[in-house]
Every structure is written in C-alpha cells, then in structure tokens.
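Here is a short briefing for a reader meeting this structure for the first time. Please look over the sequence and the model, then read the points below.

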Amino acid sequence: MADDYVRRTAITRLSVDGRQRELLEETISEWKRGCQLATDMAWGKCNAKSDVQPLAYDDVREQTGLGSQHAILATHQAAQAITGCIERRSNGKKVSKPTFTAPTVKYDTRTMTLFDDDTVSLSTTESRVRCSLALPDADDGYQRQYLNSDEWSVTESTLTARNGDYFLHIGFRRHKTDTERNTAEDGTVLGVDLGIKNLAVTSTACFFSGRELTHDLREFEKVRAGLQQTGTRSAHRTLEQSSGRELRYVRDVLHRASNAIVDEALRYECDVIAFEDLTHIRDRTGASWGHKWAFQTLYEQVEYKAEANGILVQQVGSAYTSKRCAECGFTADENRPNRTDFCCQKCESEANADYNAAKNIGMRYVRRGQQSSRRTGNSQLALKSGTVTPSGGFTAHPDGFEVEDTDKPHPQRAKSSD
C-alpha cells in the first residue's frame with residue numbers, strides 16, 4: 001500500500017545539447033496534447049483512472065507522437081485532473097474542464113533509467129536521450145542520499161522546462177520502518193499555510209513574507225517577456241543570464257524559508273510538519289505558474305531538511321481551511337472578508353487569515369490521526385504559546401516561549417468540552 005512507503009523528491013538540472021533540447025521540447029509539447037486529448041474525451045464521462053485509459057489510449061497513440069507507455073501515463077494524468085475536479089465540485093466549488101499548459105512531462109521506470117555515472121536516459125517522441133545530471137560538486141548534496149542508496153527506489157518523476165533549463169524531479173520511495181509506521185505520525189504537529197502575500201505562515205505564528213518574492217517574480221517576468229519579444233541573439237544571451245539570476249534568487253528565498261520552517265518545528269519539538277494539499281494551490285491562491293513551482297520546491301526542500309532531523313512532512317486536504325474558524329469550528333464565506341483578515345461570525349474571534357489557516361491545516365492532520373487505525377490518536381497542534389488537542393485541552397509551553405492570546409482555546413470551545 002502507498003501508506004507503507006516514505007516518499008521523497010530530488011531535484012536536479014539536466015545538461016542537454018541542442019538535439020536533446022529539441023527532442024525534449026517536442027516530447028513536452030506532445031505530452032500536453034495527449035493529456036488534453038484524453039481529458040477532452042473523458043470529461044463528463046469518466047470518474048476513475050481505470051475508465052480513462054481504455055477510452056482514450058488509442059486516440060492518444062494515433063494523434064500524438066507519444067510512445068505507448070507515455071500515452072498510458074497521459075491518460076493517467078488526465079484521470080487525476082478530472083478526479084480532482086470532481087472532488088472540488090463535491091465540496092461546492094465551481095470547476096471547469098482541466099487544461100494542460102505547464103511545460104512538464106511525467107516519467108516512470110519504463111520511460112526513464114538512472115545510471116551509476118550520474119546520467120539519465122529519457123524516452124522522447126523519437127528516441128531515448130541520455131543526459132548528465134548537473135549535481136552539486138560536493139558529494140554531500142542532498143540528492144546523493146537517494147541516488148547512492150540501495151534503500152531508496154525510483155518511482156514516477158517529472159521533467160520540467162523553466163527559462164531554457166530542464167529540471168528532473170526524481171521521485172524516490174522506501175518502506176517505512178516499524179517505528180515510522182506505528183509512531184512517527186503521532187506527536188506534535190506544526191501546521192503550515194502557503195500563499196502570495198505571506199509565502200509561509202506556521203501555526204506557531206512564524207510569518208515568512210512573500211511580498212519581495214512576488215514583486216521580483218513579476219519584474220523577472222516583464223524583463224523575460226521583453227527579451228523574448230526582441231528575439232535577437234544578444235537578447236537570447238541576456239535572457240539566459242537573467243533566468244540564471246532569477247533561479248538563484250528564488251532558490252535562495254526558498255532555502256531561507258524552508259530553514260525557518262524546519263527551525264520552527266525543532267524549536268517547538270514537533271514530530272510532523274503538515275502542509276495543505278498542493279494539487280490545486282494555483283486555483284486557491286491565484287498564484288502564477290512561477291509561484292506554484294516555488295510552493296512545490298519549498299515543500300520539497302522542507303521535506304528533505306525535516307527528514308534529516310527525524311521530522312515527518314505530510315499534506316492534508318485544503319477544503320475550507322481558509323474559511324473555518326480555528327477557535328470554534330464555524331465555517332462560512334463571511335468569516336474571511338478579505339485576503340488578510342479573519343473574523344468569525346459566530347464566536348467573533350479575529351486573527352490573521354493565513355495564521356488561522358495554518359492552525360486549521362495542522363489540526364486537520366491531528367484529527368485525521370483520531371480516525372486512523374494506524375495511529376494512536378495522541379497528536380496535538382503546536383501553537384505559539386502551547387499545544388492544543390481537538391477537544392480543547394491546552395498545555396502551555398515552558399517559560400521562555402512567547403504567549404499570544406489568540407493561541408489560547410476560545411472560552412466557548414473550552415466550556416463546551418467540559
């Protein structure tokens with residue numbers, strides 16, 4: 001079962017030549033066409049992966065340049081997008097037919113092979129290409145703990161094109177140990193909300209601003225659009241230089257943010273860091289594609305840094321986390337009058353909207369443990385001033401930790417739990 005595995009992602013840039021670049025670009029283009037074709041055929045007809053493949057596979061094979069296995073993966077991708085829409089619709093949200101515009105393509109163990117000489121073989125629309133992994137010079141780069149280990153096996157991976165470079169998000173998995181299977185998912189949980197104005201906010205009221213990142217991403221986009229429109233060789237060289245600066249800058253911001261989140265988890269002795277499900281985060285936040293990439297990269301950085309400290313990182317459903325009161329549980333659109341503020345229409349509790357969402361995300365993971373036969377149900381949510389359980393039980397942190405009034409259980413909730 002999937003729950004018996006620990007999963008991780010290692011990101012590395014590929015070194016490609018001109019011909020390889022052409023083949024990868026063509027494969028990405030045909031992948032998007034294949035996913036869209038399968039979606040167009042299955043939309044309104046199929047609700048499961050097992051239904052989409054037999055319906056759309058032949059047409060994807062005939063009408064695109066994808067090989068047989070990539071055609072299967074495209075039908076699976078379409079099915080995943082459709083079922084995601086069905087889930088959102090069941091939660092009362094308006095949905096439209098998915099469209100595939102992101103410059104990505106999925107790979108599995110049949111279409112991708114990793115070699116011991118730090119190269120990878122990838123299937124394309126014409127033939128396989130063998131590219132070098134542009135790994136850090138230091139042998140202790142985080143990718144090495146997965147690439148050089150017999151304990152981790154390769155699973156589905158994603159190739160992404162960004163600003164003229166190609167990045168391979170290599171999926172790995174290993175079996176959980178008995179300790180991880182039975183106890184690691186319980187304990188103290190740190191909730192994390194991601195967004196535009198605040199890149200990340202934790203349930204312990206640690207805010208990591210996203211304003212500078214948002215501003216610079218927009219400026220980079222303007223510069224990139226102007227250079228692409230110019231189209232000269234000089235503009236192309238400038239574009240490559242600008243893209244490199246952008247990538248280094250964004251990675252530095254994400255590096256600092258991921259360190260801050262892991263440090264917060266360590267300070268509050270958390271066993272788990274809970275994020276919202278990132279699948280539809282663009283729709284929920286109004287994020288650009290660049291922001292979505294940043295959110296995913298931040299999650300992956302937190303994941304491997306937390307693991308090095310024995311902390312589990314998980315995702316939970318995001319439905320209503322922005323509109324539910326973390327104090328009394330009342331959920332309504334009116335609770336969030338704008339992007340910044342949260343004011344419960346029932347108990348009148350007020351909070352920063354992202355902070356309220358972070359607490360809801362963490363508590364959703366805590367509550368999930370109470371319903372799981374694999375967990376003890378003894379989890380608790382880490383707040384700035386203490387820890388809280390779903391029943392309203394509150395334990396203050398020792399002296400030396402700051403106290404914030406909004407962390408304390410609301411009187412109405414505490415009274416009802418007596």
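This is a predicted model: local features need pLDDT of at least 70, side-chain atom pairs count only at pLDDT 80 or more; totals for chains, interfaces and linings use all residues.

The chain has 418 residues, and 50% of them count as buried. It holds 11 helices and 18 strands. There are zero disulfides.

**The chain as a whole**

- The accessible surface of the chain is about 20200 Å². Carbon and sulfur atoms account for 45% of that surface.
- Take the contacts between residues at least 6 apart in sequence: 64% of them join residues at least 24 apart.

**Helix α1**

- Helix α1 covers residues 18-42, a run of 25 residues. At 1.5 Å a residue, α1 should span 36 Å.
- D17 caps the N-terminal end of α1. A side-chain oxygen of D17 sits 3.3 Å from the backbone nitrogen of R19.
- G44 follows α1, and its phi is positive, near 85°.
- L37 belongs to α1. L37 has 17% relative accessibility, so it counts as buried, the cut-off being under 20%.
- Which residues does L37 touch, not counting those up to four places away in sequence? They are D59, V60 and Q63.
- L37 and T99 are 62 residues apart along the chain. Their C-alpha atoms are separated by 9.8 Å.

- Strand β2 covers residues 104-107. T104 and K106 point one way from β2, while V105 and Y107 point the other way. All four of these residues are buried.
- β2 pairs with strand β7, residues 157-162. Four bridges join β2 and β7, and the two run antiparallel.
- Within this pairing, V105 has L159 of β7 as its bridge partner.

**Strand β12, between two partners**

- Strand β12 covers residues 272-276, and five of its five residues are buried.
- Both faces of β12 are covered. One side carries V272, A274 and E276, and the other carries I273 and F275.
- Four bridges join β12 to strand β9, residues 188-194. These two strands run parallel. G191 stands opposite A274 of β12.
- Five bridges join β12 to strand β13, residues 312-316. This pair also runs parallel. I273 has V313 of β13 as its bridge partner.

- S258 lies in helix α7, residues 233-267. Is S258 buried or exposed? Its relative accessibility is 0%, so S258 counts as buried.
- The side chains of S258 and K305 form a polar contact of 2.7 Å.
- K305 is also on the contact list of S258, which leaves aside neighbours within four places in sequence.
- H169 is found in strand β8, residues 165-175. Its relative accessible area is 11%, so H169 is buried.
- H169 touches residues from several parts of the sequence, not counting those up to four places away. Among them are T9, A10 and I11. S157, T158 and T160 are also touched by H169, as are W293 and E300.

**Cysteines without a disulfide**

- A disulfide is a covalent bond between the sulfur atoms of two cysteines. The structure holds zero of them.
- A disulfide here needs the sulfur atoms within 2.5 Å.
- C347 is in no disulfide either. Its nearest cysteine sulfur is that of C328, 3.7 Å away.
- C325 has 1% relative accessibility, so it counts as buried. C347 has 8% relative accessibility, so it counts as buried too.

How values were computed. Residues are numbered from 1 along each chain as its sequence is written. Side-chain values use heavy atoms; hydrogens and water are left out. The expected span of a helix is 1.5 Å times one less than its number of residues. A polar contact is a pair of N or O atoms within 3.5 Å; within protein, one must be able to donate a hydrogen and the other to accept it, and residues adjacent in sequence count only if both atoms are side-chain atoms. Buried means under 20% relative accessible area, exposed over 50%, partly exposed in between (1.4 Å probe, protein chains only). Contact means heavy atoms within 4.5 Å. Accessible areas come from the Shrake-Rupley method with a 1.4 Å probe; for residues, only the protein chains shown count as cover. Two strands pair if DSSP finds at least two bridges between them.
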